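I set down what I looked up, entry by entry.

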Amino acid sequence: MRKISIILLFASSLLVFSLSSCYNESEEELYPGCDTSNVTYRSSIANVFAANCNSCHSGENPSAGIVTANYDDVVNNISRIMGSISHQAGYKPMPKDGNMLTNCEIMRIDIWVTKGMSNN
């Protein structure tokens with residue numbers, strides 16, 4: 001009986017140790033050089049769309065009817081935009097014929113969405 005108790009104690013200790021060794025890496029550790037401390041629409045999000053999307057998604061005839069050149073249209077189409085820039089199944093990968101946005105750019109947009117998509 002004593003042997004079983006020792007084995008159970010060892011197994012429990014091992015489980016506790018393995019779970020306590022897990023930690024959440026900070027965004028900076030996951031994406032070195034990606035500043036996510038002050039994500040705002042004007043300083044972070046609008047710049048990504050201007051550099052990667054607005055050439056096709058603005059003006060009188062925006063591609064797929066999605067405008068990325070202004071706040072209201074981005075907010076109204078954010079689920080389609082997120083699906084496309086993240087290259088999710090069922091969405092057209094964007095930017096078309098271009099490289100996928102960087103992990104940092106996508107993360108900044110995701111943070112902005114998660115925080116309520118303020119027009120700041």
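**Helix H5 and its surroundings**

I looked up what the buried residues of H5 pack against, and found H3, helix H4 (71-76) and H6. The model I consulted is predicted. I listed the buried residues of H5 as Ile-78, Ile-81, Met-82, Gly-83, Ser-84 and Ile-85. Six of the eight residues of this helix (residues 78-85) are buried, so I noted H5 as largely enclosed by the rest of the structure. After H5 I recorded His-87, which has a positive phi near 55°.

**H3 against H6**

I next examined helix H3 (residues 41-52) and helix H6 (residues 103-114), whose axes come within 10 Å and cross at roughly 130°. The two helices are therefore oblique to each other. On the H3 side, the contact is made by Tyr-41, Ser-44, Ile-45, Val-48, Phe-49 and Asn-52; on the H6 side, by Glu-105, Arg-108, Ile-109 and Trp-112. By class, I recorded six nonpolar, two polar and two charged residues in this contact.

**Cysteines**

I found a disulfide between Cys-34 and Cys-104, with the sulfur atoms 1.9 Å apart. The link is right-handed, with 85° about the S-S bond. Cys-34 lies in the loop between helix H2 (27-30) and H3, and Cys-104 in helix H6, so the pair ties together parts that are 70 residues apart in sequence. Cys-34 is buried at 2% relative accessible area, and Cys-104 counts as buried at 15%.

I then checked Cys-53, whose closest cysteine sulfur, in Cys-56, is 8.8 Å away, too far for a bond. Cys-53 counts as buried at 9% relative accessibility, whereas Cys-56 is partly exposed at 47%.

Notes:
Residues are numbered from 1 along each chain as its sequence is written. This is a predicted model: local features need pLDDT of at least 70, side-chain atom pairs count only at pLDDT 80 or more; totals for chains, interfaces and linings use all residues. Side-chain values use heavy atoms; hydrogens and water are left out. Axes are lines fitted to C-alpha atoms, for helices over the stretch in contact, and angles run from 0 to 180 degrees between N-to-C directions. Helices (H or I, at least four residues) and strands (E, at least two) are DSSP runs, numbered from the N terminus. Angles under 35 degrees count as roughly parallel, over 145 as roughly antiparallel, 65 to 115 as roughly perpendicular and the rest as oblique. Contact means heavy atoms within 4.5 Å. Ala, Val, Leu, Ile, Met, Phe, Trp, Tyr, Cys and Pro count as nonpolar, Asp, Glu, Lys and Arg as charged, and the others, Gly among them, as polar. Buried means under 20% relative accessible area, exposed over 50%, partly exposed in between (1.4 Å probe, protein chains only). A disulfide is a pair of cysteine sulfur atoms within 2.5 Å.
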